[in-house]
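Q: Walk me through this model, please. I want to know how to read its confidence values and a helix packing.

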Amino acid sequence: MSSEIVQVIQNQEVTYSDTDMMADETGSQYLSFIVGEEEFSVSILKVQEIRAWEVPTFLPNSPGYIKGVLNLRGTIVPVMDLRMRFRFKKVNYNATTVIIILKNRNNGKDCLMGCVVDGVSDVFNLEESEISDVPEYGSDIDSRFTSGIMTVGGNAVTLLNLDNLLKLDLIKHPYSGGQVVNG
Amino acid sequence: MEIDLRQFHQVFFEESLEGLDTMEQELLNLEEDSDKENINTIFRAAHSIKGGSATFNFKEVSDFTHVLETLLDEMREGARPVTKEVVDLLLRSVDCLRGMLNRIQDGDSAGNEHTELIDMFNRLLGGESNSSAGGETIANLGNQEQEGREKNSDEMLWKIQFVPQSYILETGNEPLRMFRELKAFGALKVHADLSQVPEFEELNPESCHISWNLELDSEIDKESVMEVFEWVEDDCELTISQISVADSRQSLNKEKFSHADQSEQSSIELSTDIEIEENLEETSTSSLQPTAVAVDTTMVTTEKTKSFVADKKAASTASIRVGIDKVDTLIDLVGELVITQSMLSELGDNFSMSKINQLVSGLSELEQNTRELQESVMRIRMLPIGFVFNRLPRMVRDLSTQLGKKIHLEIKGESTELDKTVMEQIGDPLTHLVRNALDHGIELPEERVDSGKSAEGTLTLNAFHQGGNIVIEVSDDGKGIDPEIIYKKAVDKGLITDGVEMPPEQILSLIMEPGFSTAEVVSDVSGRGVGMDVVKRNINNLGGSVDIESEPGKGTVFTIRLPLTLAILDGQLIRVASEVFVLPLVSIIESVPYSTTDISRIAGDMPVYKLHNDYIPILNLVDEFEIKQPMASVDEGLLAIVEGENRKIALRIDELLGQQQVVIKSLETHYKSLQGVSGATILGDGRVSLILDIVGLSKRASERATRNRNRVA
């Protein structure tokens, strides 16, 4: 099932590059996905790949939302459950649960982080100007983790601030080496 | 055509530095009664450095090595005895050459520290061979001297007729260089025969159409002359004969007559740097301004050198020399792997259940191939530890002179192989340990005699494999380390509080704490209190450990344990609750069945296990790591007694699984480092497993003990 979704995304990408890309050349592409009952998005350029859910290897003393590490073709990549990071109540792992491998820079080096979401939904093009600020009313989600709201097909989609969300320094980990050594 | 020689520079530097290492080693082995082979080896090394540097036009180096060679030659002939003085001078020259080469490699000039040494050599060589000694003399070997010698018609000359094949330049041989070498033996007259040079239109600049008639005024024997042409013997017609000076003048005149129109230009003056190709051009176009040509070339070369220097620093990459047998093994293995692969793919193309046995055997073959391939690839990075050991004799020699001690250095197991990365980083700690042993360990000869030992102290370096580790021992038979002094000192320095009881080996390991130095006099050699802690840190960084054993009056042994490679670890898989971890096999002492009767509880409910006379803290990984599942076995299971940095802890585990070699992957690549975990690996089923870090875990255990104690207090 999840592999089908990956397939869909790939197909869409192909369609874009064939036709729509030309028309919407100025906008950027985003990937939207479902966490809990809400829709979120990230710039597609930050997405390395999407994998089916698998139980990662446990990391000692980690905060609950760090599910562990998994083997991404030989490299060890940590996995974070976005639903737990956003303190959503309902967390279950089913056939549509996927891990989106996101790229981000941390302390001057490129890091990968797997993010567990309830399912991927769409890839779309959007102008920068169509992104509005996050309204300042109380949200469960830490405001540092969001950077804007966009409307896609009548639905509100929250754009995530990956710089903060994936920042290793913001992940409190007792007994961690503290400083991340390069290399 | 100009061949870009710079591409060979790196190789030249590597080879020369290697040659210098050989020279150094052999010089140290050089005793008065040593056989000729020793000196020959040194001579050969010096000779190839000289040849190489002359080819690449590092004139200072070639001139200097030439002087060196003159002295070595005398030693080889037995004309000069091997004395400490000579060896010292030669060793200094080795250092000097190393410095020169390094500077040239970095794009600087060679410097002039060698001039002083050349003077010393010349003094040593005395007047006995003033025509062939001394760098200065070579450069200045001019016509005057030649003429002066010519008058002495009793002397014999070597007449050499050298007719190279036209392809000689393609073989990388440079006649000019050989002539330079000849010139080193004495006054040399070169006469080039240009009669075979074709018309300019037909001229192939890559072929050599010149032949030479040489006259060498020197007393060397024929073999030495032949040696110069050693490399080209098969590519030329060579006649070497001895004639009297009178004859030579006649014949020369005759030749002059026959090529009257060309001979003036064609007698090549060797001290200029005109390339042969240029000479060809000059003569065939009957050049009008040969000097201008030469100047231009020099300018071009300088510019090129500059640009080369700029990008050289970025381009210099480390290289490794691999024995051909290792490469051959690899090729064989790859061959086998290819065969297995094609067998399997054929099997896969038309597979039926009846072929399941073939598949199984094919897969096991594949597994074996892969493992062997992995091992031999690893072996490529392995170098004998002799590379590190070999730089120590020199240091011991220098230091023992400086300290006024008599020391005999014994090296064992220098062929023990070790990963290159580990080796590069073990050099400094090892050097430091040796310095320490010399400075603090071994006593002065009088002291030794007083305490009933032989005046000569012995320092032993030993290396061997033990399990997946390499063990390096640095032992001396000196005065040893007195734990009491260390203890007092540690109390003085506030490293420990007085009254704390400690086993002797733990006291000894205090000398590796930062800021600890017991030397009463701070010496140039050691004793600034930085050092032992750096040694320890460096070795720990490599995943190794240092142990000290010492008996006052008898000596001290430092034992360094290092993993063979940083990339692979022999692991014991263990299961705790639902998690599989990897324990480094080397850290495991034993595993015992867990039973509550062996467990005592001490201060603050800290469970300990009594092993022999030791109480070992028990660590439950489920609690320590906050594993969410409980252990499968509440009152049973196993205790794995593990040791890191001399501290033992007992880990409660559910099950010992298999042992296997695991490839170490860093957690820090995409995450952070975690205390208690040294890395991760990928198991056969593709899952990640964490590698436990015993040192980190025992630190956590002792931190917890302290917390508990505080709580109780």
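Q: Which elements of chain B have the lowest and the highest mean pLDDT?
A: pLDDT is the predictor's confidence in each residue, from 0 to 100. Elements are DSSP runs numbered from the N terminus: helices (H or I, at least four residues) and strands (E, at least two). Helix H6 (residues 135-140) of chain B is lowest, with a mean of 39. Strand S22 (residues 688-692) of chain B is highest, at 92. This is a predicted model: local features need pLDDT of at least 70, side-chain atom pairs count only at pLDDT 80 or more, and totals for chains, interfaces and linings use all residues. Residues are numbered from 1 along each chain as its sequence is written, while chains are lettered from A and ligands numbered from 1 in the order written.

Q: Where is the pLDDT of chain B below 50?
A: One such stretch is residues 128-153 of chain B. Beyond near neighbours in sequence, this stretch has 40 contacts in the model (C-beta atoms, placed from the backbone, within 7 Å). Residues 251-316 of chain B also fall below 50, with 51 such contacts.

Q: What is the mean pLDDT of chain B?
A: The mean is 75, and 79% of its residues reach 70 or more.

Q: How do the axes of H17(B) and H18(B) cross?
A: Axes are lines fitted to C-alpha atoms, for helices over the stretch in contact; angles run from 0 to 180 degrees between N-to-C directions. Helix H17 (residues 392-403) of chain B and helix H18 (residues 420-441) of chain B come within 10 Å and cross at roughly 30°. H17(B) is therefore roughly parallel to H18(B) (angles under 35 degrees; over 145 is roughly antiparallel, 65 to 115 roughly perpendicular, the rest oblique).

Note on methods: Contact = placed C-beta atoms within 7 Å.
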